[in-house]
Amino acid sequence: MPVELRKRKAREPPAPAPVKKTATGRVTKAKAKPAAVKANAKKAALAKKASEEPKDEEVSKDAKKEEPKEDTKEESKDEPKETKKAGKVEVGETIDLDSFGGEIETNDGDKTTLKKLVDESKAGVVLFTYPKASTPGCTKQVCFFRDSYEPLTAGGLAIYGLSKDSPKANTTFKEKQKLPYPLLCDPKLTLITAIGLKKAPAGTQRGVFVVSKEGKVLVAEPGSPQGTLDRVVALVEELGKK
């Protein structure tokens, strides 16, 4: 009998290695390469640094902007102090008569200056200021000085009334009240401002100013009609004792 040959079965390929599972049942993935992790970390650090740098620049810019503001405040604080001193004189101060008070005129229309009036006097000049000619308070004031004219001028002081009225208004005032002294007109308030008796915005404060032949300020103060006279009377008495 013929022999029957049997075919052998081909060997099956080996089974793949089993995939490891975590405790949660998820398949573990391959770990990221260390080089890629470092590169990403470096990029993040650079990005963070770049975002912080502009903030520093902005802070420095703001600081620079604030510096001049502080200087400006300090300068503005100093300005009022200088303005406050301007246009005021102190008793005992010696003024420069050549440039003091500008040009004014008498009620007769003659141009003059404080220096010229002082030069023409024997001992100095008395200027009493009044707000407006021919008004009640000002009429009392000019009459007080009129009635005391002789004792006030006995020591060499020259008496003048001073306002911003026109020559015509002051001439009428002088003639009506029969004043023995001239009235000075200062419509631009140059002399009135210089002696510190300007009333804002463009008026005259009642007061009195006295200056010696040497330019020394003896009296400089506001006052009432009677008060301005009393101050000059007291000064005359003081000068008489010397």
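Reader: How many residues does helix 3 have, and what is its span?

Author: An expected helix span is 1.5 Å times one less than its number of residues. Helix 3 has 12 residues, and from first C-alpha to last it reaches 17 Å, close to the expected 16 Å. Helices here are DSSP runs of H or I with at least four residues, strands are E runs with at least two, and both are numbered from the N terminus. Keep in mind that this is a predicted model, where local features need pLDDT of at least 70 and side-chain atom pairs 80 or more, while totals for chains, interfaces and linings use all residues. Residues are numbered from 1 along each chain as its sequence is written, and side-chain values use heavy atoms, leaving out hydrogens and water.

Reader: Which residues of helix 3 are buried?

Author: Buried means under 20% relative accessible area, exposed means over 50%, and partly exposed is in between (1.4 Å probe, protein chains only). In helix 3, the buried ones are Cys-138, Thr-139, Gln-141, Val-142, Cys-143 and Phe-145. An α-helix has 3.6 residues a turn, so residues three or four places apart point the same way.

Reader: And what covers those buried residues of helix 3?

Author: The cover includes strands 3, 4 and 8, plus helix 4 (149-153), helix 5 and helix 7 (225-241).

Reader: How are the strands arranged in the sheet?

Author: Two strands pair if DSSP finds at least two bridges between them. Here seven strands form an open sheet with mixed pairing, in the order 2-1-5-4-3-8-9. Strand 2 (111-112) and strand 9 (217-222) are at the edges with a single partner strand each, so one side of each has no neighbour in the sheet. Strand 3 (residues 124-129) and strand 8 (residues 207-212) are antiparallel partners over six bridges, with Val-126 opposite Val-210 in strand 8.

Reader: Where is the largest nonpolar core, residue by residue?

Author: A nonpolar core is a set of buried Ala, Val, Leu, Ile, Met, Phe, Trp, Tyr and Cys residues joined through side-chain atoms within 4.5 Å. The largest has 23 residues, and Ile-95, Phe-100, Leu-114, Val-125, Leu-127, Leu-191 and Phe-209 have the most contacts inside it. Helix 2 (114-120), strand 3, strand 4, helix 6 (190-194) and strand 8 each give two or more residues to this core. Another core, of 22 residues, lies apart from it and includes Tyr-130, Ala-133, Cys-143 and Val-208.

Reader: Which residues does Val-125 contact?

Author: Contact means heavy atoms within 4.5 Å. Beyond its neighbours within four places in sequence, Val-125 touches residues including Leu-114, Leu-157, Tyr-160 and Phe-209.
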